[in-house]
Amino acid sequence: MPTELRKHPQCDVDCQFSIPWAVACALTDRRISIAHFTDRALGDERYRALAPRVEVHLEPGREDVYAQITLKQGAGDHWFVQVAGSSA
């Protein structure tokens, strides 16, 4: 799936394969559910505005899964969150 489509999903199936979309929904609502991956959720401007700002990077050779969250207004503030089920 092209990066542009991941950041700007056009239908429910696009949402299901978009890490930026899932992160935007989770950060906005502090939870994630199947409702976030529907055509109805696509109409929510909060998710649509945040998803393009999410960057995904893969590190070769790294087996664990983590998220780094950096807030623009918090110059240098970031958190590392280990994702459930990863091997770290």
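This is a predicted model: local features need pLDDT of at least 70, side-chain atom pairs count only at pLDDT 80 or more; totals for chains, interfaces and linings use all residues.

Trainee: Where is His36 found?

Mentor: You'll see His36 in the loop between helix 3 and helix 4.

Trainee: How do you know whether His36 is buried or exposed?

Mentor: Buried means under 20% relative accessible area. His36 has 3%, so it counts as buried.

Trainee: What makes the link between the side chains of His36 and Asp29 a polar contact?

Mentor: The cut-off for a pair of N or O atoms is 3.5 Å. The side chains of His36 and Asp29 come to 2.7 Å, and the pair is listed as a polar contact. There's also the backbone nitrogen of Ser33, which lies 3.0 Å from a polar atom of the His36 side chain.

**Charged pairs**

Trainee: Why is the pair Arg46 and Asp29 called a salt bridge?

Mentor: The rule asks for a side-chain nitrogen of Lys or Arg within 4 Å of a carboxyl oxygen of Asp or Glu. For Arg46 and Asp29 the closest N and O atoms are 3.5 Å apart, and the pair passes. This one links distant parts of the chain, with Arg46 in helix 5 (residues 45-50) and Asp29 in helix 3, 17 residues apart.

Trainee: And why would such side chains pair at all?

Mentor: Side chains of opposite charge can pair when their charged atoms come close.

Trainee: How many salt bridges does the rule give?

Mentor: Two. Arg46 also forms one with Asp44, where the closest N and O atoms are 2.7 Å apart. That leaves Asp29, Asp44 and Arg46 linked in a network of salt bridges.

Trainee: What makes Arg46 and Asp29 count as partly exposed?

Mentor: That label covers what falls between under 20% and over 50%. Arg46 sits at 45%, so it is partly exposed. Asp29, at 22%, gets that label too.

**The nonpolar core**

Trainee: Which residues make up the largest nonpolar core?

Mentor: Nine residues: Cys15, Trp21, Ala24, Cys25, Phe37, Ala41, Leu42, Tyr47 and Ala51. Helix 3 (19-29) and helix 4 (39-42) are the elements that give two or more residues to this core. The largest share, three residues, comes from helix 3.

Trainee: What does Trp21 touch?

Mentor: Not counting residues up to four places away in sequence, Trp21 touches Arg6, Pro9, Cys15, His36, Phe37, Ala41, Leu42, Tyr47, Arg48 and Ala51.

Trainee: How do you know that Ala51 is buried?

Mentor: Its relative accessible area is 0%, and under 20% is the cut-off, so Ala51 is buried. Ala51 lies in the loop between helix 5 and strand 1 (66-70).

**The whole chain**

Trainee: What does the secondary structure come to?

Mentor: Five helices and two strands. Along the sequence, the pattern is α-α-α-α-α-β-β.

Trainee: How much of the protein counts as buried?

Mentor: 23% of its 88 residues. As for the surface, the protein exposes about 6600 Å², and carbon and sulfur atoms supply 56% of that.

Technical notes: Residues are numbered from 1 along each chain as its sequence is written. Side-chain values use heavy atoms; hydrogens and water are left out. A nonpolar core is a set of buried Ala, Val, Leu, Ile, Met, Phe, Trp, Tyr and Cys residues joined through side-chain atoms within 4.5 Å. Buried means under 20% relative accessible area, exposed over 50%, partly exposed in between (1.4 Å probe, protein chains only). Helices (H or I, at least four residues) and strands (E, at least two) are DSSP runs, numbered from the N terminus. Contact means heavy atoms within 4.5 Å. Accessible areas come from the Shrake-Rupley method with a 1.4 Å probe; for residues, only the protein chains shown count as cover. A polar contact is a pair of N or O atoms within 3.5 Å; within protein, one must be able to donate a hydrogen and the other to accept it, and residues adjacent in sequence count only if both atoms are side-chain atoms.
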